[in-house]
Each structure stands twice: as structure tokens, then as C-alpha cells.
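Morning, everyone. Today I'm talking about pockets. Here is the model.

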Amino acid sequence: MRLRRCLIVPVVAATLAFPAAHAAEIQQTRDGVTLTYQDQSGSTVAAVRDRIIATFFATYPRERRDYHPAAPSSVRIVMDPSYDGVAYVGEKEKSATITINPRWLEKHPNDTDLVTHEAMHIVQGYPGYASEQAPSWLVEGIADYARDHYGVDNAAGGWALPSQVKPEHKVDTGYRVTGAFLKWSEAGHPGLVKALDAALRKGTYTPALWKAHTGEDLAALWEAYVAHQGNGARGA
Ligand SMILES: [Zn+2]
């Protein structure tokens with residue numbers, strides 16, 4: 001970890017409320033990005049909290065620099081025991097807030113690169129979600145593509161992009177399945193993911209973009225990917 005320009009400022013009121021080890025709010029600034037970490041109920045053990053914060057600073061500034069330097073420079077991570085999903089980034093006033101279910105981390109303490117995925121959603125900042133201009137499978141596929149690329153320790157979390165295409169996998173399965181497809185497509189057509197990301201952010205994404213950048217329409221590119229991964233599985 002780089003500790004240059006690292007600033008830890010526990011909020012005074014929080015310090016009074018948690019006079020022992022728990023500061024309910026921690027603020028750090030590094031690489032031009034300020035993170036405010038909130039855990040009002042002190043739900044997360046210090047070691048996991050520290051890894052969450054370290055993972056954020058190891059990934060978000062790079063994702064932001066590479067994809068969208070104008071993305072928010074001030075981000076919140078909120079541990080919310082009342083949230084029963086895994087983690088999410090919301091819209092509007094929640095578009096720079098990563099909400100995490102601390103019970104998930106209790107059960108999966110090594111899944112700290114979930115922050116890498118969520119941080120990419122903040123970088124994305126697309127004007128919609130689950131719409132024609134921002135299909136959710138592609139938005140989530142890019143977030144998992146970024147988790148694979150920038151993640152600190154995906155292996156410890158038991159997380160990896162699939163190396164084989166299963167019969168139930170489709171191009172619009174999203175998440176890791178689409179992430180692996182994006183990785184393969186990017187290798188053959190460098191700049192593709194950034195072009196998709198930029199169009200999604202501008203609201204100008206259409207499926208025609210795949211053909212413009214790869215020479216193949218989406219369905220044909222997916223078929224080529226399936227054929228290639230199939231060959232790999234046979235050891236060719
Ligand atoms: Zn996501």
C-alpha cells in the first residue's frame with residue numbers, strides 16, 4: 001500500500017460515541033480521491049474494514065483514471081446491516097455510495113474485491129440502467145471485467161472469470177460470463193471495452209457498436225468466442 005498523502009480523520013462525534021476501537025466514520029484521501037467509510041453499528045471487524053478501504057484505494061483511482069477521470073472524487077462506503085443483498089451503487093444522490101451488507105462479508109471475509117466491481121459502477125455513472133441504452137448485462141459485464149483486471153486478490157475470494165462456456169451461458173448472461181467474453185473480445189479488438197463504456201456513458205450505445213469496432217455483429221462475435229473457448233477446453 002502506498003501511504004503517501006494518507007489522511008485518517010475520525011469524526012469527533014463518532015469518536016465520542018465509540019470511544020474504543022471503532023470509529024463510525026473514517027475519512028481518507030489518496031491519489032486525489034476522498035473516501036468516507038461509514039459503519040454506524042460497528043458491524044465489520046477491523047481487519048476486513050481495513051482491507052475494504054485498501055482495496056478501494058488500490059482500484060477506484062485506477063479505474064477512474066483509465067475510464068472516466070471526471071468520475072466523483074469523493075466516494076462513500078456504507079456498511080448497512082439492514083440491506084440484505086451483497087453490495088450496490090445506487091442512482092442520483094447514491095451514485096457515489098457503495099452500500100455493503102456486512103453479514104455478507106462476515107460469511108465471505110475474502111470477497112473484498114466486491115468493492116472493485118462496485119467502484120467500477122461509480123466510474124461508469126451511466127445515465128440509465130437496464131435500458132436499451134444501458135443494458136444491465138453489459139453494465140454488469142463491464143464491472144466484472146474491471147474486477148478481473150484491477151482486483152487485488154480475486155483468488156482469495158474464490159472469484160474468477162469462467163474459462164469455459166457452459167451451455168447455459170449466453171452473451172447477455174451478464175456478470176462474469178459477459179466479463180469473460182469482454183476480456184476475450186478486447187484481446188482481439190483493443191479499445192473495444194473503452195468504446196462501449198464511453199458510448200454507454202453518453203447514452204449513445206447501440207448493438208451496432210460491436211460491428212463498428214470488431215467487424216462482427218454481437219451474435220457472430222459470441223459464436224466465435226464460444227468456438228474459441230471450446231477449442232481451448234479440448235487442449236488445442
Ligand atoms: Zn454490479
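The largest pocket has 21 lining residues, with Val-89, Gly-90, Glu-91, His-121 and Tyr-129 nearest its centre. This is a predicted model: local features need pLDDT of at least 70, side-chain atom pairs count only at pLDDT 80 or more, and totals for chains, interfaces and linings use all residues. Residues are numbered from 1 along each chain as its sequence is written, and side-chain values use heavy atoms, leaving out hydrogens and water.

Now, what counts as a pocket: on a 1 Å grid over the protein atoms alone, an open set of points where a 1.4 Å probe fits, with protein on both sides within 12 Å along at least five of seven lines; lining residues have an atom within 4 Å of a point.

Helices are DSSP runs of H or I, at least four residues; strands are E, at least two. α4 gives the largest share, 5 residues.

Where does the largest pocket lie? Domain 1 (1-125) and domain 2 (128-236) both contribute to the lining, so it lies between them. Those bounds come from an automatic or database domain assignment.

Next, the second largest pocket, at about 270 Å³. It is lined by 14 residues; Val-86, Asp-111, Leu-114, Arg-147 and Trp-159 are closest to its centre. α4, α5 and α6 (175-188) each give two or more. α4 gives the most, 3 residues. Domain 1 and domain 2 each supply at least three.

Technical notes
Grid points are joined across faces, edges and corners, and a volume is the space filled by probe spheres set on the points.
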